[in-house]
Amino acid sequence: MDTLERKGFTEEQEALVVKSWNVMKKNSAELSLKFFLKIFEIAPSAQKLFTFLKDSKVPLDQNTKLKPHAMSVFLMTCESAVQLRKAGKVTVRESTLKKIGGTHFKYGVVNEHFEVTKFALLETIKEAVPEMWSQEMKNAWGEAYDQLVDAIKSEMKPPSSS
């Protein structure tokens, strides 16, 4: 989408991400569910990508499989953002990235889904730390998310038959 060279993740961006994550951490269970409910509010059709939601008769916020899934995605995204500058790259294990990439490939996740997820993530963070929120913080979390997505996309391919 944007043709500018990535400047990387700056010290200032890291500080903003760490500061906000330290506040959000204690509410991560509640925030992660909010994050996923926001995704489905923006893009109801995204529910079709989740096998455990397909035939579910309970409201989304009461789905027992959605909560742990939302939590693992939210935690991985936030922890990856916090580690980004120190590590100089996304710190999610390669085996995990391969698995996530393969799953996203298999279920037909496309760029638009990542964009919706980014918007939902930024909105969730904005609502969680309204007194800290700024354009700089939005950019910091956006950059961290984009780098994680790039790492996932690089693994979005059919499983190798080796």
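1. The buried residues of helix H2 are covered by, among others, helix H1 (11-24), helix H3 (51-54), helix H4 (66-87) and helix H6 (111-128). Keep in mind as you look that this is a predicted model.

2. Which residues of H2 are buried? They are Ser28, Leu31, Ser32, Leu33, Phe35, Phe36, Lys38, Ile39 and Phe40.

3. Next, the helix itself. H2 covers residues 28-42, which makes 15 residues. From its first C-alpha to its last it reaches 21 Å, close to the 21 Å expected at 1.5 Å a residue.

4. Now step back to the whole chain. How many helices and strands does it have? There are 7 helices and 0 strands, and the order from the N terminus is α-α-α-α-α-α-α.

5. Along the principal axes, the C-alpha atoms fill a box of roughly 45 × 40 × 25 Å.

6. Of the 162 residues, 40% count as buried. Among contacts between residues at least 6 apart in sequence, 77% join residues at least 24 apart.

7. Finally, the surface and the charges. The chain exposes about 9,700 Å², with carbon and sulfur atoms supplying 54% of it. There are 24 positive and 21 negative side chains, and the centres of these two sets lie 6 Å apart.

Conventions: Residues numbered from 1 in each chain as written. Predicted model: local features only at pLDDT ≥ 70, side-chain atom pairs only at ≥ 80, totals over all residues. Heavy atoms only, no water. Helix = DSSP H or I, 4+ residues; strand = E, 2+ residues; numbered from the N terminus. Buried < 20%, exposed > 50% of the residue type's maximum accessible area, 1.4 Å probe, protein only. Contact = heavy atoms within 4.5 Å. Areas by Shrake-Rupley, 256 points an atom, 1.4 Å probe, with all protein chains shown as cover. Lys, Arg positive; Asp, Glu negative; His and termini not counted. Charge placed at Lys NZ, Arg CZ, Asp CG, Glu CD. Expected span 1.5 Å × (residues − 1).
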